[in-house]
Amino acid sequence: MQNWHQKEIDEIWKELGSSIDGLSNEYAGSLLLRFGPNELIEKKKKSPVMMLLDQFRDVMILVLIGAAVIAGVIGELSDTIAIVVIVLLNAVIGFVQEYRAEKSMELLRKMSANTSVVIRGGVVANIPAANLVSGDVVLLEAGVIVPADIRLFETALLKIEEASLTGESIPTEKTPEAIMDAGAPLGDRSNMAYKGTVVASGRGKGIVIATGMGTELGKIAGLMQSAEVLKTPLQRRLEVFGKKLALAVLAICAVVFVFGLLRGEPPLLMLLTAISLAVAAIPEALPAVVTISLALGAKKLVVQNALIRKLPAVETLGSVTYICSDKTGTLTLNRMTVEEIFVNSELLRGEKLDSSGYARLFTALALSNDAGLDADGVAVGDPTEIALNSVAGDAGFIKQNLLENYPRVAEIPFDSKRKCMTTFHRIPADSTAFDIASGRIVSITKGAVDELLGRSTGTFTAKGVEAIDAGQLEATADRMSMDGLRVLGIAMRSWEKVPDDLSPENVENELTVLGIVGMLDPAREEAADAVRLCKSAGIRPVMITGDHPLTATVIARRLGILEEGEVDVLTGRELDSLTIEEFESRVKEIRVYARVAPEQKLKIVKALQDSGQFVAMTGDGVNDAPALKQADIGVAMGITGTDVSRESADMILLDDNFATIVRSVKEGRRIFDNIRKFIKYTMTSNSGEIWTIFLAPFLGFPIPLLPIHILWINLVTDGLPGLALAAEPAEKGIMERPPRHPKESIFAGGLAIHIIWVGLLMGGMTLLTQALAFYFGDAHWQTMVFTVLCLSQMGHVLAIRSETESLFSQKLFSNKPLVSAFLLTFSLQMATIYIPQLNLYFKTEPLSPLELAATLALSSVVFVAVEIEKWVKRRRGRIV
């Protein structure tokens with residue numbers, strides 16, 4: 001890899017066969033033919049038709065399609081229509097999500113410039129940016145999109161907005177000098193301009209060193225196109241569930257059919273019964289429940305400032321084991337704030353910062369400042385200057401008012417070499433801030449403390465001006481820096497008039513130090529609570545920042561990401577020096593990454609995933625897009641994020657707040673719990689039906705249920721209450737348990753055992769009803785059996801609203817849709833018994849009050865049994 005930033009410009013001219021007059025048109029044309037246009041190349045995209053067809057390849061969907069065909073063959077068109085609607089709805093949602101995901105590459109291409117100003121053969125020309133080649137000389141000015149990767153050789157106050165590429169929110173000042181550090185991150189390569197970034201101010205000239213897919217933007221495009229699209233935990237679990245279910249259904253059908261024939265039942269009846277049972281065993285409402293659960297969750301999260309772009313992401317949040325978060329704006333306020341001031345040999349913190357007793361310093365902070373307010377009263381300008389202006393304003397020193405009395409008459413702009421800036425102000429007649437005669441001039445210089453100390457001769461103390469104590473000031477500045485603060489010094493000098501020689505060498509000397517200011521982008525108050533909640537939920541929060549390791553460590557400790565004594569901080573340079581094997585052996589213990597380039601996030605994500613973790617990753621820049629796409633959950637910033645990062649993400653934080661991610665994790669866990677409750681409910685119900693029909697012949701009973709009964713239970717009793725479980729509120733302590741293991745079966749935690757024993761109990765009570773009816777000679781036995789099985793399932797759905805909490809301690813109406821579904825299903829079941837027209841269709845007969853009371857009593861056994869099971873779980877939990 002060429003380190004162009006290290007090379008002297010003469011060496012680059014020679015290597016690329018160019019000069020300050022640029023390439024000849026002929027030579028440039030030959031290079032264009034040889035290396036191709038300066039464009040981002042997309043891999044062959046999947047057609048919309050193929051995207052749609054791919055939605056039907058899932059095993060569970062194929063099983064449902066088979067069930068729809070069988071239901072249609074045996075004349076149950078209502079079942080067929082219901083299944084087809086569910087399958088099509090699922091396919092449309094999947095297609096829309098995949099189609100939208102393809103937009104991120106298109107947005108990346110839009111970041112490229114359309115035209116470019118170049119010098120070819122000594123003549124300035126405007127050419128299509130696609131025709132640029134390595135060796136072209138390009139002219140840059142304010143507002144221009146950089147058309148290729150360029151090594152600058154001439155700059156004039158050139159600043160380039162590189163936030164989308166490097167994550168640096170402040171425009172980067174550019175200089176043409178070679179940089180000797182081979183490992184300098186992109187943001188520190190001040191002699192380079194990168195494709196897709198924007199010139200903020202100034203002008204410059206440079207030579208093209210990379211085009212198209214060879215640029216940094218092109219590398220990102222390549223990473224995005226190679227990033228693997230991972231299935232969510234739920235998708236994986238449902239795929240395994242679908243395969244097992246398909247095999248189980250075939251086996252059950254065969255066994256029931258064969259045993260029925262052996263007992264002497266009519267072959268046609270047994271065929272219809274087996275087929276009906278097969279249709280009933282398939283939870284066709286499962287895709288609808290999943291979709292509804294995810295959609296309701298997404299709707300709820302929008303209110304909480306999380307916009308879900310891909311529905312499966314809602315549930316995936318519940319499996320997250322690591323949340324890798326940007327520091328600036330997500331864990332912090334993205335608002336530089338003055339934390340400490342050292343003035344008059346005194347350290348000001350907290351409430352003392354509002355003190356008006358330091359007029360000289362606060363006046364200087366307000367005057368030597370280019371920050372201001374826009375029309376809406378919002379602070380605008382450099383974040384550091386905004387912080388200084390704000391602390392002065394809070395102490396009562398308002399910049400606009402002060403400028404009326406102390407007008408700015410000259411200035412020396414900041415530059416990165418001397419690390420200072422100076423402004424000149426005329427002293428009014430009634431000046432109280434400076435002990436300087438009216439009409440004279442005060443110059444105020446602010447900048448790096450080490451630079452100011454070398455230019456200063458005195459310092460203000462409570463006693464007045466004294467000889468500078470450089471040791472004390474250096475120690476204070478060093479201590480502030482060690483605390484992670486950004487440190488600036490401020491000094492002054494008086495003049496009779498504005499000096500004729502406004503060179504820094506003449507002006508920025510013989511200064512008197514006014515004070516030292518320490519600033520920090522403070523942690524969000526709610527972020528600390530969110531970090532604690534993460535830890536209690538078994539999720540490890542990780543901070544990733546481009547800031548200095550000391551600053552990162554301070555914020556991490558304040559938030560609780562780093563505990564006392566922990567020093568798990570890794571810099572980007574250290575990360576680059578590790579092999580993937582070495583990094584993977586340490587990755588689970590690292591809590592803070594500092595001075596990390598956005599592209600290194602991809603390495604972090606892959607290392608965590610390779611060690612079996614489920615990762616949520618935040619990002620806002622173009623360079624974050626590959627990592628967002630690779631992560632199990634990519635989280636983009638809604639306020640500061642680029643279009644490319646937002647299109648690559650699964651979720652967008654509308655408030656750029658870490659706490660919003662944690663709230664989303666809670667919602668993800670609730671949704672998975674509810675999907676699991678639906679599976680518990682519907683599979684237990686199906687298990688009860690299967691046990692009833694399978695065991696009846698062994699007990700010498702006729703087939704207890706007709707095909708119409710099975711399909712009715714499947715469509716109405718299973719469907720309506722099952723769908724209503726999607727609205728179940730979160731269980732108590734949902735964020736006090738560890739994340740689900742990504743490879744954990746959907747039947748883990750005793751679910752399979754529950755399905756078997758409760759299903760067996762349900763079937764047992766149904767067959768007991770049949771036996772008692774035979775014993776007492778009750779002619780309505782089949783209606784009673786049908787009703788007991790239906791209502792047993794109703795009792796079961798009420799009992800499983802919580803894994804451990806009793807229904808009597810829950811708020812019954814906390815899930816109103818479930819209560820409504822219960823009442824509606826009960827009413828429909830009663831209608832099949834007592835409405836004469838339905839008696840003919842369902843082959844039922846009206847039950848007497850005594851028969852109905854018996855069915856209600858027998859069907860309540862399942863509810864009581866599951867409540868006892870939960871009581872036992874609570875007892876065990878207390879004992880443990």
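Now the whole chain. This is a predicted model. The chain has 34 helices and 26 strands. It counts 880 residues, and 54% of them are buried. Among contacts with a separation of 6 or more, 72% join residues 24 or more positions apart. The exposed surface comes to about 37200 Å². Carbon and sulfur atoms supply 60% of that area.

Helix α1 covers residues 9-16, and its buried residues are Ile9, Ile12, Trp13 and Leu16. Seen down the helix axis, these residues fall within an arc of 105°, so they line one face of α1. Asp10 and Lys14 are exposed on the face turned away from the buried side. What do the buried residues of α1 pack against? Their partners are helix α2 (25-35) and the strands β3, β4 (149-161) and β7 (198-210). Just after α1 comes Gly17, with a positive phi of about 65°.

Strands β1 (residues 115-120) and β2 (residues 123-128) run antiparallel, joined by six bridges. Within this pair, Ser116 stands opposite Ile127.

Strand β4 holds a residue worth a look. Leu157 is found in this strand. Leu157 is not a glycine, yet its phi is positive, at about 55°. Its relative accessibility is 70%, and exposed means over 50%, so Leu157 counts as exposed.

Further along lies Ser190, in the loop between β5 (172-173) and β6 (192-193). Is Ser190 buried or exposed? Its relative accessible area is 18%, under the 20% limit, so Ser190 is buried. Beyond its neighbours within four places in sequence, Ser190 is in contact with Leu152, Glu173, Lys174, Thr175 and Ile179.

Next comes an open sheet of eight strands. In what order do its strands run? The order is β8-β26-β25-β24-β9-β21-β23-β22, and the pairing is mixed. Strands β8 (306-308) and β22 (569-571) are the edges, each pairing on one side only. Neighbouring strands are turned by 20° against each other on average, direction ignored.

Ala616 stands opposite Ile633 of β25. Helix α23 (residues 600-610) lies across β24 and also across β9 (322-326), β21 (540-544) and β23 (592-594). The helix runs at about 170° to β24.

Turn now to the interior. In soluble globular proteins, nonpolar side chains tend to be buried together. The largest nonpolar core here has 70 residues. Which of its members touch the most other members? They are Ile323, Ile516, Met543, Leu559, Ile561 and Phe658. Helix α26 (residues 658-695) gives this core its largest share, 11 residues. Apart from this core lies another, of 38 residues, including Met270, Ala773, Ala799 and Met830.

Ile561 shows the surroundings of one core member. Leaving aside neighbours within four places in sequence, Ile561 is in contact with Leu331, Val531, Lys535, Pro541, Met543, Ala556, Glu566, Arg591 and Val592. Met543 belongs to the core as well.

The last stop is Lys843. This residue lies in the loop between α32 (836-842) and α33 (849-859). Lys843 has a positive phi of about 60°, although it is not a glycine. At 52% relative accessibility, it passes the 50% limit, so Lys843 counts as exposed.

Note on methods
Residues are numbered from 1 along each chain as its sequence is written. This is a predicted model: local features need pLDDT of at least 70, side-chain atom pairs count only at pLDDT 80 or more; totals for chains, interfaces and linings use all residues. Side-chain values use heavy atoms; hydrogens and water are left out. Helices (H or I, at least four residues) and strands (E, at least two) are DSSP runs, numbered from the N terminus. Buried means under 20% relative accessible area, exposed over 50%, partly exposed in between (1.4 Å probe, protein chains only). Contact means heavy atoms within 4.5 Å. Accessible areas come from the Shrake-Rupley method with a 1.4 Å probe; for residues, only the protein chains shown count as cover. A nonpolar core is a set of buried Ala, Val, Leu, Ile, Met, Phe, Trp, Tyr and Cys residues joined through side-chain atoms within 4.5 Å. Two strands pair if DSSP finds at least two bridges between them. Axes are lines fitted to C-alpha atoms, for helices over the stretch in contact, and angles run from 0 to 180 degrees between N-to-C directions. The arc is that of the directions from the helix axis to the C-beta atoms.
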